[in-house]
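Hi everyone, thanks for making the time. I'd like to walk you through one fold today, and please keep your questions for the end.

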Amino acid sequence: MTSNSSTLFVQRFLVIKSGRAVYDQNFHLGINIIRGDNSIGKSTIMDLLFFGLGGDLREERWNKEAAACDSVAIQIEINNYILTISRAIDPASKPPMQFFSGDYESSQKNHTEWVQYGVMRTANKHSFSQQIFELFGWPHHQTDDNSNLTIHQILRLIYVDQDTPVNKILKAELAFDKPSMRQAIGDFLLGVDDLGTY
């Protein structure tokens, strides 16, 4: 069994439309609360943050306000390493992610230093899930039926939307929620899976 202490801190989150930020929030260490009246967009912000970190949103989760935006950008710190991630908003597909080594302000001055990672791995490049796993120092893992464990699957345990029943540990995903995937997520996070993976 391997123990690996990993940290993720969202430092800044932006939603971009027509070249400007329509939402720009800095976060601090500790608990951050997004508050406001009903139907003002709190869930939309959380959905976009989930999406920006590599989560897949079901098509019905995209409201017209979110779908009208162009992209999200997130400055994060993973294990004391600061990077900025950008992802185009396209509800009809699973867009790639752009990675920049450094903070958001620096990323806007160095447009050529972004590296793109797609949803699927290729012979020459990681998928964005693999790249994020590398930054965390996590091993790559497959389920018993040879499906790749992705960052989306890990985020499902961290973020549960309002549509998910309150008695569910993982964000509800009936079409893809196979027992082998749930088992793989649990084994991976608890470090009790096949030691050969490590």
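I'll go through the sheet, then the helices and the core, and finish with the salt bridges.

One thing to keep in mind throughout: this is a predicted model.

Let's start with the sheet. It is an open one of 6 strands, in the order E2-E1-E3-E4-E5-E6, and the pairing is antiparallel. The edges are strand E2, residues 20-26, and strand E6, residues 115-117, each of which pairs on one side only. From one strand to the next, the twist averages 25 degrees. As a quick reminder, strands of a sheet pair through backbone hydrogen bonds, either parallel or antiparallel.

E1 and E2 run antiparallel and are joined by 6 bridges. If you want a pair to click on, Val15 stands opposite Tyr23 in E2. The hairpin of E1 and E2 has 2 residues between the strands, and Ser18 there takes a positive phi near 50 degrees. Met97 has Tyr117 as its bridge partner in E6.

Next, the helices. Which strands does helix H4 lie across? Helix H4, residues 128-136, lies across strand E1 (8-17), strand E3 (71-78), strand E4 (81-88), E5 and E6, and runs at about 30 degrees to E5. H4 is mostly covered, with 7 of its 9 residues buried. After H4 comes Gly137, whose phi is positive, near 80 degrees.

The buried ones are Ile151, His152, Gln153, Ile154, Leu155 and Arg156.

In soluble globular proteins, nonpolar side chains tend to be buried together. Here the largest nonpolar core has 38 residues, and the members that touch the most others are Phe13, Leu48, Ile76, Phe99 and Ile151. E1, H1, E3, E4, E5, H4, H5 and helix H6 (179-190) each supply at least two residues of this core. Which element gives the most? That is H1, with 5 residues.

Let me zoom in on two residues. Leaving aside neighbours within four places in sequence, Ile76 is in contact with Leu8, Phe9, Val10, Gln11, Leu53, Tyr81, Ile82, Leu83 and Ile85. The other residue is Leu53, found in the loop between helix H1 (42-52) and helix H2 (64-67). Is Leu53 buried or exposed? Its relative accessible area is 11%, so Leu53 counts as buried. Not counting residues up to four places away in sequence, Leu53 touches Val10, Ile74, Ile76, Met97, Ile132, Ile151 and Leu155. The C-alpha atoms of Leu53 and Ile85 are separated by 7.7 Å, although these residues are 32 apart along the chain.

Finally, the salt bridges: the count comes to 4. In one of them, the side chains of Arg12 and Asp24 meet at 2.7 Å, N to O. Arg12 sits in strand E1 and Asp24 in strand E2, 12 residues apart. Arg12 counts as buried at 13% relative accessibility, whereas Asp24 is partly exposed at 38%.

Another bridge joins Arg61 and Asp47, again with 2.7 Å from N to O. Arg61 is in the loop between H1 and H2, and Asp47 is in helix H1, 14 residues apart. Arg61 is buried, with a relative accessible area of 13%, and Asp47 counts as buried at 4%.

Then there is Asp56 with Lys94, whose closest N and O atoms are 3.6 Å apart. Asp56 lies in the loop between H1 and H2 and Lys94 in the loop between E4 and E5, so this pair ties together parts 38 residues apart in sequence. Asp56 is partly exposed at 22%, while Lys94 is exposed at 51%. Lastly, salt bridges that share partners join Arg12, Asp24 and Glu105 into one network.

That's my tour, and I'm happy to take questions.

Note on methods:
Residues are numbered from 1 along each chain as its sequence is written. This is a predicted model: local features need pLDDT of at least 70, side-chain atom pairs count only at pLDDT 80 or more; totals for chains, interfaces and linings use all residues. Side-chain values use heavy atoms; hydrogens and water are left out. Two strands pair if DSSP finds at least two bridges between them. Helices (H or I, at least four residues) and strands (E, at least two) are DSSP runs, numbered from the N terminus. Axes are lines fitted to C-alpha atoms, for helices over the stretch in contact, and angles run from 0 to 180 degrees between N-to-C directions. Contact means heavy atoms within 4.5 Å. Buried means under 20% relative accessible area, exposed over 50%, partly exposed in between (1.4 Å probe, protein chains only). A nonpolar core is a set of buried Ala, Val, Leu, Ile, Met, Phe, Trp, Tyr and Cys residues joined through side-chain atoms within 4.5 Å.
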